[in-house]
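I opened my notebook for a look through this model. Here is what I looked up, entry by entry.

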Amino acid sequence: MKKFILAALCSVLLLTGCANAKTTISPNGGSEHPPYEQLKGEGTGWGFVRKKGEPPEISAAQREAMQSYDCYYIDENAEKTLYLTFDEGYENGYTSKILDVLEETQTPAAFFVTGPYLENQTELVQRMIDSGHVVGNHTVNHLNLPKQSVETVQKELSDLNKKCEEMYGVTMKYMRPPEGEYSERVLAVAQDMGYKTVLWSFAYKDWDINMQQGAQHAFEQVTPYLHNGAILLLHAVSSDNANALEDIINYAKGEGFVFKSLDELGEQ
């Protein structure tokens with residue numbers, strides 16, 4: 001009888017231990033991870049040391065996060081390849097010109113949009129889709145995600161995707177956290193929802209519409225930092241970017257670079 005009771009107690013302890021150590025498996029084939037409440041929730045701003053003509057330097061912690069949660073800032077080992085991405089928090093009148101240039105130069109791109117943009121700029125979003133560009137998830141309300149609950153993060157991503165499916169028949173596959181602010185928990189939530197999180201290996205201060213300095217300035221900011229596998233972030237609210245885009249693309253192609261869609265990310 002004592003042996004039976006002891007065995008039963010051991011079984012309870014084992015079951016309890018298994019419950020406490022339960023892992024979550026990403027449905028898109030990602031790795032297992034601990035429950036969300038055990039993951040780091042502190043926000044980290046995406047940043048790095050830029051190097052002309054070479055990939056930027058990132059920390060060991062950043063690299064571990066990228067590898068663990070289906071997150072990309074560069075396409076490693078992709079020689080002479082570039083990925084052009086735009087963030088679309090709101091429309092400032094330049095996206096149509098950007099789309100014209102992309103069409104004329106036969107260049108694929110990705111546009112990360114928010115809820116208001118998705119709903120209010122229907123002609124532009126439809127044109128992106130019809131032109132074969134990627135429309136990515138930049139959340140409904142452009143919130144700082146690490147400061148939100150897991151439920152809010154899930155809702156921000158799922159509500160935008162649902163609206164995109166309803167309005168355009170397109171399912172979003174890529175997520176970019178607003179302000180480049182992420183946490184281990186946010187990356188895990190996005191992965192579990194089937195997203196690749198896409199950061200960047202190049203950006204510059206182009207988002208301030210009151211600090212535009214001309215097309216040549218944009219050209220000189222971007223072209224020296226082109227590198228193999230680069231994911232370029234440009235903000236579509238910038239007049240400098242819109243006016244310099246054709247020259248930037250032509251220069252990059254002249255240097256032997258090929259622009260690819262995010263749908264080709266990591267295929268090498």
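**Entry 1**

In which loop is the place of D70? I found D70 in the loop between α2 (60-68) and β6 (71-72); helices here are DSSP runs of H or I with at least four residues, strands are runs of E with at least two, and both are numbered from the N terminus. Before going on, I noted that this is a predicted model, in which local features need pLDDT of at least 70, side-chain atom pairs count only at pLDDT 80 or more, and totals for chains, interfaces and linings use all residues. Residues are numbered from 1 along each chain as its sequence is written, and side-chain values use heavy atoms, with hydrogens and water left out.

D70 is partly exposed at a relative accessible area of 23% (buried means under 20%, exposed over 50%, partly exposed in between, with a 1.4 Å probe and protein chains only).

K80 was my next stop, in the loop between β6 and β7 (81-88). Its phi is near 55°, again a positive value in a residue other than glycine. With 35% relative accessibility, K80 counts as partly exposed. I also saw the charged end of K80 sitting over the ring of F257, 4.3 Å from its centre (a charge sits over a ring if NZ of Lys or CZ of Arg is within 6 Å of the ring centre and within 35 degrees of the ring normal).

**Entry 1: aromatic rings**

How many aromatic pairs does the structure hold? I have 7 in my notes (rings of Phe, Tyr and Trp, the last by its six-membered ring, pair if their centres lie within 6.5 Å; planes under 30 degrees apart count as stacked, over 60 as edge-to-face and the rest as tilted). F202 and Y225 are stacked, because their ring centres are 6.0 Å apart and their planes lie at 25°. This pair links distant parts of the chain, 23 residues apart: F202 is in the loop between β12 (196-198) and α8 (215-222), and Y225 is in the loop between α8 and β13 (230-235). F202 is buried at 0% relative accessibility, and Y225 is buried at 15%.

I then turned to F219 and Y251, an edge-to-face pair with 5.6 Å from centre to centre and 80° between the planes. Here too distant parts of the chain are linked, with F219 in helix α8 and Y251 in helix α9 (residues 239-254), 32 residues apart. Y251 is partly exposed, with a relative accessible area of 34%.

Back at Y225, I noted that the charged end of R50 sits over its ring, 4.1 Å from the centre. I also wrote down one aromatic cluster, formed by W46, F48, Y73 and Y182.

**Entry 2: cysteines**

I looked for disulfides and the count is 0 (a disulfide is a pair of cysteine sulfur atoms within 2.5 Å). C71 counts as buried at 6% relative accessibility, and C164 counts as buried at 0%.

Just after α7, G194 takes a positive phi of about 95°.

The structure holds 1 cavity of 30 Å³ or more. On a 1 Å grid over the protein atoms alone, a cavity is a set of points where a 1.4 Å probe fits but cannot get out, a pocket is an open set with protein on both sides within 12 Å along at least five of seven lines, and lining residues have an atom within 4 Å of a point. The largest cavity is lined by L145, P146, Q148, V150, V153, S183, R185 and V186. Both α6 (150-168) and α7 (184-192) supply at least two residues each to this lining.

**Entry 3: pockets**

Which residues lie nearest the centre of the largest pocket? I listed D87, E179, W207, L233 and H235, out of 20 lining residues. For the second largest pocket, 15 residues form the lining, and K40, A61, A65, Y182 and E184 are the closest to its centre. The largest share of that lining, 5 residues, comes from α2.

Definitions and conventions. Points joined across faces, edges and corners; volume = space filled by probe spheres on them.
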